[in-house]
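Subject: Structure handover

Hello,

Please load it, then read the notes below.

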Amino acid sequence: MAKITVSKLLKMKQQSEKIAAITAYDASFAQIFDQAGMHVILVGDSLGMVLQGHKDTLPVTVEHIAYHTRSVAAGVENTFVMADMPFMSYATTEDAYKNAAILMQAGANMVKLEGGDWLYDTIAGLTRNGIPVCAHLGLTPQSVHVFGGFKVQGRKEEQANQMIEHAKSLEKAGAQLLVLECVPVALAKRITDGVSIPTIGIGAGRDTDGQILVMHDFIGISTGYIPKFSKNYLDITGNIPEATELFIKEVQDSIFPEDERSFD
């Protein structure tokens, strides 16, 4: 597999080739995923829950993400590495520039921000300064207390239409990738068809341009709450390299996520 770039991801969307993505936090797992042909690794602020044991992602800092980004970058050759901008690290444009620079210097190829069109100027500024941006709509975990919990977003028509407008606005600002989390299948398809940048879904049905899972869900070692959209590939295959290959194949063949792992 050749080195994955922003241009390659866009070309995959244009050619209807699905994108497989997963979270990772260290060099060893990153190397396994890289060698299996994973297109994107996200160094997610999910580390706050799966590594640090918190109930949400809010305690994660830029320093935490930078540390794990350096670890992941050391383990990959071809996979595209994306790093989450953690809670309140982009509250102002100045904060966003400073903290995104830290993550890019740690080895990220792109940073990810949660939120709607109020991030327009921030994304435009990051892009202008040479920092590729992934936007994130739907269930945005950093806003979990505003939502009143981890709930599906966009079921009401007004909210759905607003999310579509946000997606278009963020693309116009310069976002080159868009994560859609926990949104109804029909809405995810409308957004995917309505923007020219690739969409990557998690709990958003199979009509997005790609899929992402949290690594700990993917190998069945998450404790406590297991999301409806997750799938234990290690349980199916018995070893992690084969589990990774199966996940990539099922994404590319539009098998995963199955209907029962999606939301109406």
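What is the volume of the largest pocket? The answer is about 800 Å³. Keep in mind that this is a predicted model.

**The pocket**

The lining of the largest pocket counts 35 residues. Closest to the pocket centre are Ser46, Met49, Val214, Asp217 and Pro227. Sorted by class, the lining holds 17 nonpolar, 10 polar and eight charged residues.

**Helix α2 against helix α12**

Next, the helix packing. Helix α2 covers residues 27-36, and helix α12 covers residues 240-252. They pack at an angle of about 50°, and their axes are 9 Å apart. That angle makes α2 oblique to α12. The crossing of the two is right-handed. On the α2 side, Phe29, Ile32, Phe33 and Ala36 make the contact. On the α12 side, the contact residues are Ile240, Pro241, Thr244, Glu245 and Ile248. By class, this contact of α2 with α12 has seven nonpolar residues, one polar and one charged.

**Helix α4 against helix α5**

Helix α4 (residues 62-75) packs with helix α5 (residues 93-105) at an angle of about 20°. Their axes lie 8 Å apart. Why do α4 and α5 count as roughly parallel to each other? Angles under 35 degrees fall in that class, so α4 and α5 are roughly parallel. Their crossing is right-handed. Which residues meet here, from α4 and from α5? Val62, Ile65, Ala66 and Thr69 come from α4. Asn99, Ile102 and Leu103 come from α5. The contact of α4 with α5 has five nonpolar and two polar residues, and no charged ones.

**Backbone points to check**

Two backbone items are left. The peptide bond from Phe256 to Pro257 is cis, with omega near 0°. Pro257 sits in the segment after α12, the helix that packs with α2. The other item is Ser16. Its phi is near 55°, a positive value in a residue other than glycine. Where does Ser16 lie? Ser16 is in the loop between α1 (6-14) and β1 (19-23).

Best regards

How values were computed:
Residues numbered from 1 in each chain as written. Predicted model: local features only at pLDDT ≥ 70, side-chain atom pairs only at ≥ 80, totals over all residues. Heavy atoms only, no water. 1 Å grid on protein atoms, 1.4 Å probe; cavity = no way out; pocket = protein on both sides within 12 Å on 5 of 7 lines; lining within 4 Å. Points joined across faces, edges and corners; volume = space filled by probe spheres on them. Nonpolar A, V, L, I, M, F, W, Y, C, P; charged D, E, K, R; others polar. Axes fitted to C-alpha atoms, helices over the stretch in contact; angles between N-to-C directions. Helix = DSSP H or I, 4+ residues; strand = E, 2+ residues; numbered from the N terminus. Parallel < 35°, antiparallel > 145°, perpendicular 65-115°, else oblique. Left-handed = near helix turned anticlockwise from the far one by under 90°. Contact = heavy atoms within 4.5 Å.
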